[in-house]
There are 2 protein chains.
Amino acid sequence: MKKAVCLISGGIDSFVSAAIAKEKGYDIYCLTIDYSQKNRKEIICAKKIAKFLKSKKHLILKIDLSWTKSALTDKRIKIPQSIHHGIPPTYVPARNTIFISVALSYAESIDAESIFTGINSVDFSGYPDCRPEYIKRFQKLIDIATKKTIEGKKIKLETPLLYLSKSQIIKKGIELGLDFSITWSCYKSGEKPCGKCPSCRLREKGFKEAGIPDPLQ
Amino acid sequence: MKKAVCLISGGIDSFVSAAIAKEKGYDIYCLTIDYSQKNRKEIICAKKIAKFLKSKKHLILKIDLSWTKSALTDKRIKIPQSIHHGIPPTYVPARNTIFISVALSYAESIDAESIFTGINSVDFSGYPDCRPEYIKRFQKLIDIATKKTIEGKKIKLETPLLYLSKSQIIKKGIELGLDFSITWSCYKSGEKPCGKCPSCRLREKGFKEAGIPDPLQ
C-alpha cells in the first residue's frame with residue numbers, strides 16, 4: 001500500500017484532507033505537532049480524528065514554540081474577537097514551514113510518497129504560509145531536500161483543499177462520512193466554542209453556506 | 001544593532017559561521033536543536049560556544065527525532081568507521097529543513113534579518129540538504145513564507161562556509177580568535193574523539209591541511 005503522512009490539527013480542514021488521502025487509497029500516518037498552543041483541546045481532537053480515520057500510527061511531536069509572539073502561544077496576547085484585516089495576531093511565525101519540514105522527515109523515514117495538509121487559501125486567516133505560491137516553492141525545495149528525492153523518488157506535498165471554500169470542505173467531509181463532532185475549530189478551549197473568534201466565525205459561515213447543522217452547536 | 005539567528009551544533013563549522021556573523025556586526029542569537037541525537041556532548045559544546053561568542057540568548061529547542069532511521073539517532077544503527085560513498089547512514093531525514101524552519105520562526109519572532117548556518121558543500125558528508133541548490137530554493141521559500149517577508153522585509157539565509165574547504169574554515173576560525181578546544185566533531189561522545197568516524201576524518205584532514213594542531217589531540 002502506498003503511504004501518506006497526514007498533518008492533523010484537530011480542526012475540520014486537516015480531517016477532510018486526511019480523509020481524502022484515504023479515499024485515494026493511501027495508508028495514512030497522522031502527524032500532530034504539539035507546539036505548546038494555549039488551546040489543548042486541539043490535541044485531544046486530533047487523537048480522536050486519527051482513531052476515526054484508522055491511521056496506521058499517530059505521531060504526536062512536541063515542539064515548544066511558546067517563545068513565538070502569537071495569540072495562540074503567548075498568554076499575554078488576547079485571541080481576537082472578530083475577523084482581522086491583514087495578518088492577524090493568531091499568526092505563528094513559520095508554523096507551516098516547521099510542520100511540513102517535520103512531515104517531510106517523517107515521510108522519508110517511513111517511505112511515504114505523499115504529505116497531505118489541510119492548507120486552504122480561500123476561507124482562511126490571511127497567513128502567508130497558506131498561499132498557493134508558498135506550496136509551490138515548498139514542493140521545489142522538497143524535490144531536492146532528501147535522500148529519497150535525490151534518488152529520483154518523489155515526495156508530493158498534497159493540498160486538496162487549497163482552492164475550496166469552507167462550505168465546500170464541509171460538504172466534502174459529509175460526503176466522506178466524517179463525524180465533525182470530534183473536531184475543534186475555536187481558538188479557545190472552553191466547554192463550547194466561543195462563537196466570536198475568527199475561526200468560529202469561519203466555521204459558522206461554512207456550515208451555514210453548506211446548509212448543514214454544526215454538530216458542536 | 002542588526003540581529004542574526006545562528007544555528008549552532010557544537011562543531012567547528014557552525015562556530016565559525018556564527019563568528020563571521022559577529023564579525024559582520026550582528027548581535028547574535030544562537031539556536032541549537034536537541035534532536036535526541038545519541039551524542040549528547042554536542043549540546044554541551046554548543047552551550048560553551050554560545051557563551052564564548054557572547055550570544056545575546058541561546059535557545060536550545062528539543063525536537064525528538066528518535067523515530068528517524070539514522071546512525072545519529074537510532075541506537076541500533078552503528079556509526080560508520082570510514083568515509084562512505086553516497087549518502088551515509090548518519091544522514092537524518094530533512095534535518096536541515098527542520099532546523100532552518102525553526103531558525104526562520106525564531107528570526108521572525110525576534111525581528112532578525114539573517115540566519116547563519118555552517119552548511120558546507122565541499123568537505124561534507126554528501127547530505128542532500130547541504131548543497132547550494134538546496135540553499136537557493138530555501139531562500140525562495142523564505143522570501144514569501146513569513147509575515148515579515150510579505151511586508152517587504154528580507155530574511156537572508158547566510159551560508160558563509162558553503163564553498164570553503166575544511167582547512168579554509170579552520171584557518172578562518174583561527175583568524176577570528178576562536179578556541180576550537182570547546183568544539184566536538186566526533187559522531188561518538190567518548191572522552192576523546194574516536195578518530196575513525198567520517199566526521200573525525202574530515203576534521204583531521206582539515207587541521208592537517210591547515211597546518212594547525214587540533215587542540216583536541
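**Strands 1 and 2, chain A**

I looked up strand 1 and strand 2 of chain A and found that they pair in the parallel sense over five bridges. The model I am reading is predicted. I picked out A:Leu7 and found its bridge partner in strand 2 of chain A to be A:Leu31. I then checked burial: four of the five residues of strand 1 of chain A are buried, and this strand is mostly covered.

**The sheet of chain A**

I traced the rest of the sheet from there. In chain A, five strands form an open sheet in the order 3-2-1-4-5, with parallel pairing. Strand 3 (58-62) and strand 5 (156-158) of chain A are the edge strands, each pairing on one side only. From one strand to the next, the twist averages 25°.

Helix 3 lies across strand 1, strand 2, strand 3, strand 4 and strand 5 of chain A. I read its angle to strand 2 of chain A as about 140°.

Three of them join strand 4 (residues 114-116) of chain A to strand 5 of chain A, and the two strands run parallel. One residue I followed here is A:Ser114, whose bridge partner in strand 5 of chain A is A:Lys156.

**Helices 6 and 7, chain A**

How close do the axes of helix 6 and helix 7 of chain A come, and at what angle do they cross? I found that the axes of helix 6 (residues 166-175) and helix 7 (residues 198-210) of chain A come within 7 Å and cross at roughly 65°. That angle makes helix 6 of chain A roughly perpendicular to helix 7 of chain A. The crossing is right-handed.

I listed the residues that make the contact. Helix 6 of chain A gives A:Lys166, A:Ser167, A:Ile169, A:Ile170 and A:Lys171. Helix 7 of chain A gives A:Leu202, A:Lys205, A:Gly206, A:Phe207, A:Glu209 and A:Ala210. I sorted the residues of this contact into five nonpolar, two polar and four charged.

**Contact between the chains**

I turned to where chain A meets chain B. The contact takes 33 residues from chain A and 33 residues from chain B. On the chain B side, strand 3 (58-62), helix 3 (95-110), helix 4 (132-145) and helix 5 (147-150) each supply at least two residues. I divided the residues of that side into 19 nonpolar, six polar and eight charged.

**The sheet of chain B**

I repeated the sheet check in chain B. Here too I found five strands in an open sheet, order 3-2-1-4-5, with parallel pairing. Strand 3 and strand 5 (156-158) of chain B are the edge strands, and each pairs on one side only. Neighbouring strands of the sheet are turned by 25° against each other on average, direction ignored. Helix 1 of chain B packs on this sheet and touches strand 1, strand 2 and strand 4 (114-116) of chain B. I read about 175° between the direction of helix 1 and that of strand 1 of chain B.

Strand 1 (residues 3-7) and strand 2 of chain B pair in the parallel sense over five bridges. I noted B:Val5 opposite B:Tyr29, which sits in strand 2 of chain B. Strand 2 (residues 27-34) of chain B is mostly covered, with six of its eight residues buried.

**B:Lys22**

B:Lys22 counts as partly exposed because it has 17 C-beta neighbours inside 10 Å; 20 or more would have made a residue buried, and 12 or fewer exposed. Not counting residues up to four places away in sequence, B:Lys22 touches B:Ile28 and B:Leu53. I also took the C-alpha separation of B:Lys22 and B:Lys54, which is 9.5 Å for residues 32 apart along the chain.

Note on methods. Residues are numbered from 1 along each chain as its sequence is written. Chains are lettered from A and ligands numbered from 1 in the order in which they are written. This is a predicted model: local features need pLDDT of at least 70, side-chain atom pairs count only at pLDDT 80 or more; totals for chains, interfaces and linings use all residues. Two strands pair if DSSP finds at least two bridges between them. Axes are lines fitted to C-alpha atoms, for helices over the stretch in contact, and angles run from 0 to 180 degrees between N-to-C directions. Two residues are in contact if their C-beta atoms, placed from the backbone, lie within 7 Å. Ala, Val, Leu, Ile, Met, Phe, Trp, Tyr, Cys and Pro count as nonpolar, Asp, Glu, Lys and Arg as charged, and the others, Gly among them, as polar. Angles under 35 degrees count as roughly parallel, over 145 as roughly antiparallel, 65 to 115 as roughly perpendicular and the rest as oblique. A crossing is left-handed if the near helix is turned anticlockwise from the far one by less than a right angle, and right-handed if clockwise.
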